[in-house]
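User: I have a structure to study for class. Could you take me through parts of it?

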Amino acid sequence: MDSLTQIALGSAVAALIAPARHRRAALIAGGVLGTLPDLDVIPLSIFGADAVSFVTWHRGPSHSLLVLAMFGWLLWLVLRRWWAPVKEAPARWLWAMQLALLTHPLLDAFTVYGTQLFWPLPGSPVMVASIFIIDPVYTVPLLVACAAAWWLRERRAANWWLLGGVLLSTAYLGWSLAAKTVVERAAGHTLAAQGLPDAPRFSVPMPFNTLLWRVVVMTPGGFLEGERSLMADRGPMIFRSHPSDRVALEAVAGYPAVKRLNWFTHGFLKAERRDDRLVLSDLRMGLEPEYIFRYVVAEGDGQGGWREIAVQQLGWPSQDRFRLADIWRRIWKEPNRERPEI
């Protein structure tokens, strides 16, 4: 999730647990701890990580529940020796610090980017993909709760504001999971009717909401893309078919950067030839034909094959297809059923 949300979540959780007399200190400390895991971008930048390493190592060790639990405990041991609030209420501050840290990667795991919750254990990043990286409906209750707690200080009402904010935001996460289940059920029915019941797929909400969803399905010749509005759509889903150069992707599958991308994206990659260069796009973030993460991984060798090159990340797309007005209209309007389906 975005930094503001992580700060608000860390602040709310820490202030809810810490003693009332430490509430403002907990709001500040929780906010710092809540955003701390995302500072992994600093060493990645300093040490000059290449484009693929930068993206795939972000939300890595710094977001591991195992690493953060140990770090939180060590930090608590240090603060217990010299910081008065922790010395006065060590048990409550241990829980406040640990949960401010651990809720960060847990929340990140609900996005499609993926989070390495169990690093260094093997396995692909966890991506529940039930909430967009920025969602005001989740964030606003936390911000309001933190502002109220700061104003009310030690008064009992502050606890109720904090509890209400955390419960509302958590309930919204629960709703996002229920919405995702409905969308995937609809997609499953359509795909089964088309002979693709077991095709790899993922669903993710469109920007800033959980009412309109995007579903991507991998096929032997490429992939399918469709949307589902929980407010307007009632019939079978409409999917659009798009090509992907699977032969080229298999030819470069052994390249270290490609192997890393394939692991990171759970295999949801699009391959296309552009000006005799092979471009891989992460299908999870963006809309056809524009994706946030696109990489040039190879160039033609002049003999019909590919030659590995230093990975180059292409610039961000124009974002024209992320216009809020279009998303808003699509939430409330079902697409024309006369359009051909897959």
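The conversation below concerns a predicted model and turns to one helix and several salt bridges.

User: How many residues does helix α2 have, and how far does it reach?

Analyst: Helix α2 covers residues 23-35, which is 13 residues. From the first C-alpha to the last it reaches 18 Å, close to the 18 Å expected at 1.5 Å a residue.

User: Which of its residues are buried?

Analyst: The buried residues of α2 include R23, A26, L27 and L33.

User: And what do those buried residues pack against?

Analyst: The buried residues of α2 pack against α1, α5, α7, α8 and α9.

User: Changing topic: how many salt bridges does the structure hold?

Analyst: There are 14 salt bridges in the structure. One of them joins the side chains of R59 and D108, at 3.5 Å from N to O. This pair links distant parts of the chain, 49 residues apart: R59 lies in the loop between α4 and α5, and D108 lies in helix α7.

User: Are R59 and D108 buried or exposed?

Analyst: Both R59 and D108 are buried.

User: What about E184 and K180?

Analyst: The side chains of E184 and K180 also meet in a salt bridge, at 3.5 Å from N to O. The two are separated by about one helical turn because they are four residues apart in helix α9. E184 counts as partly exposed because its relative accessibility is 33%, whereas K180, at 10%, counts as buried.

User: Which residues are linked in a network of salt bridges?

Analyst: Such a network links R214, E225, E227 and R240.

Notes:
Residues numbered from 1 in each chain as written. Predicted model: local features only at pLDDT ≥ 70, side-chain atom pairs only at ≥ 80, totals over all residues. Heavy atoms only, no water. Expected span 1.5 Å × (residues − 1). Buried < 20%, exposed > 50% of the residue type's maximum accessible area, 1.4 Å probe, protein only. Contact = heavy atoms within 4.5 Å. Salt bridge = Lys/Arg side-chain N within 4 Å of Asp/Glu carboxyl O.
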